[in-house]
Amino acid sequence: MPGRNPLRDLINRRIVLASRPEGRPTRENFRIEDVSVPEPGEGELLLKVQYLSLDPYMRGRMSTAKSYARPLDLGEVIVGGTVARVVRSRHPGYAEGDLVLSYSGWQTYSLSKGEGLRKLDLAAAPVSTALGVLGMPGFTAYSGLFTLGRPQPGETVVVAAASGPVGATVGQLARIKGARAVGIAGGPEKCAYVRDELGFDAVVDHRAPDFAARLKDACPKGVDVYFENVGGAVWDAVFPLLNPFARVPVCGLIAWYNSTGPFEGPNQLPLVMRDVLSKSLTLRGFIQTEFVSQLPDFYREMGAWVREGRVHYREDIVNGLDNAPEAFVGLLEGRNFGKLVVKVDETA
């Protein structure tokens with residue numbers, strides 16, 4: 001039939017921000033919508049999402065608090081990195097069937113003008129790794145540790161959430177550079193993985209009642225680099241162990257993401273600032289996009305380290321877009337084990 005849209009029978013399922021969370025996100029903060037799939041115009045392509053990355057930074061985008069990125073509007077599709085397949089193309093640079101890294105968010109289909117996409121080679125590595133060890137989390141570890149942490153042979157590098165995609169990579173990269181890697185993880189299973197499979201020199205369970213004492217024992221020469229992605233009680237335990245001239249790259253503070261109102265407890269700022277001055281500490285927050293010029297080196301070096309078995313990774317895959325909200329809440333509570341990915345297209 002002339003003028004018929006061949007995509008009219010397809011449905012785009014998307015998850016949007018229904019309300020702003022107050023503290024811990026709940027299912028009611030998300031809304032599932034089914035909408036029609038548009039035909040791409042000239043210079044556009046239609047993507048079908050295969051995998052969706054769930055990452056802690058998404059919590060900040062749900063809030064109106066001042067941050068490095070604008071907050072999501074109510075009714076807007078939740079943001080997120082994705083691996084997608086081109087199913088219709090009117091763009092000269094992409095053909096149907098191409099697999100791309102995109103930023104399609106929490107939905108099954110998206111339109112793109114081709115900007116910000118990166119073609120993926122299925123033969124090089126499992127495509128889901130483009131959302132983990134060979135993607136944003138891996139690059140966060142690589143750029144933050146090498147540019148800001150600058151680990152030297154024989155130094156001690158500590159990282160929390162050491163079984164997660166960023167922390168696991170930080171520790172392994174530290175060892176590649178000849179440093180001693182000390183991981184912090186939650187529970188015996190995660191600690192065993194960090195020690196036995198990732199090869200960290202030591203690991204400490206932050207759930208242990210004597211966690212601070214165990215961490216001190218694991219770092220007899222103090223801490224030269226602390227890769228901060230948690231905050232909270234872990235920060236309190238690590239901070240007194242920092243050596244003079246220690247470097248602290250700060251890429252996340254997940255322990256505080258659900259906090260509302262004034263923080264409880266005594267004001268630690270005077271103590272922190274005293275040691276920053278007296279120990280000549282370097283604390284530097286960063287967003288991995290600051291270091292995009294390093295991406296070619298990252299893809300080359302990290303790709304080789306993964307192929308050679310020098311860097312290991314673990315994925316926690318959840319099936320079905322509808323399960324993304326519950327999985328995301330679990331991520332903020334540390335229930336995931338490895339890089340959390342939603343398999344959106346279960347035929348992929």
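**A helix on the inside**

Reader: Which residues of α9 are buried?
Author: Buried means under 20% relative accessible area, with a 1.4 Å probe and protein chains only. Helices here are DSSP runs of H or I, at least four residues, and strands are E runs of at least two, numbered from the N terminus. In α9, the buried ones are Ala 324, Pro 325, Ala 327, Phe 328, Val 329, Gly 330, Leu 331 and Leu 332.

Reader: What kind of model am I looking at?
Author: Residues count from 1 along each chain as its sequence is written, and side-chain values use heavy atoms, with hydrogens and water left out. Local features need pLDDT of at least 70, side-chain atom pairs count only at pLDDT 80 or more, and totals for chains, interfaces and linings use all residues, this being a predicted model.

Reader: Which strands stand at the edges of the open sheet, and why does each have a side without a neighbour?
Author: Going across, the 6 strands run β10-β9-β8-β11-β12-β13, with parallel pairing (strands pair if DSSP finds at least two bridges between them). A strand at the edge has a single partner, so one side of it is left without a neighbour in the sheet; that goes for β10 (202-205) and β13 (282-285).

Reader: What angle does helix α3 make with β8?
Author: From one strand to the next, the twist of the sheet averages 15°. Angles run from 0 to 180 degrees between N-to-C directions, and axes are lines fitted to C-alpha atoms, for helices over the stretch in contact. Helix α3 (residues 165-176) packs on the sheet, touching β8 (156-159), β9 (180-185) and β11 (223-227), where a contact means heavy atoms within 4.5 Å. Its direction and that of β8 make an angle of about 170°.

Reader: Is Thr 140 buried or exposed?
Author: Thr 140 lies in helix α2 (residues 136-149). Leaving out residues up to four places away in sequence, Thr 140 touches Leu 145, Val 166, Phe 227, Cys 251, Phe 286 and Gln 288. Thr 140 and Ile 287 are 147 residues apart in sequence, but 7.7 Å apart in space, C-alpha to C-alpha. With a relative accessible area of 6%, Thr 140 counts as buried.

Reader: Which side chain makes a polar contact with the side chain of Glu 76?
Author: Glu 76 sits in the loop between α1 (57-61) and β4 (82-89), and at 22% relative accessibility it counts as partly exposed. Its side chain also reaches the backbone nitrogen of Asp 73 at 2.9 Å. A polar contact is a pair of N or O atoms within 3.5 Å; within protein, one must be able to donate a hydrogen and the other to accept it, and residues adjacent in sequence count only if both atoms are side-chain atoms. At 2.6 Å, the side-chain partner is Arg 70.

Notes
Buried < 20%, exposed > 50% of the residue type's maximum accessible area, 1.4 Å probe, protein only.
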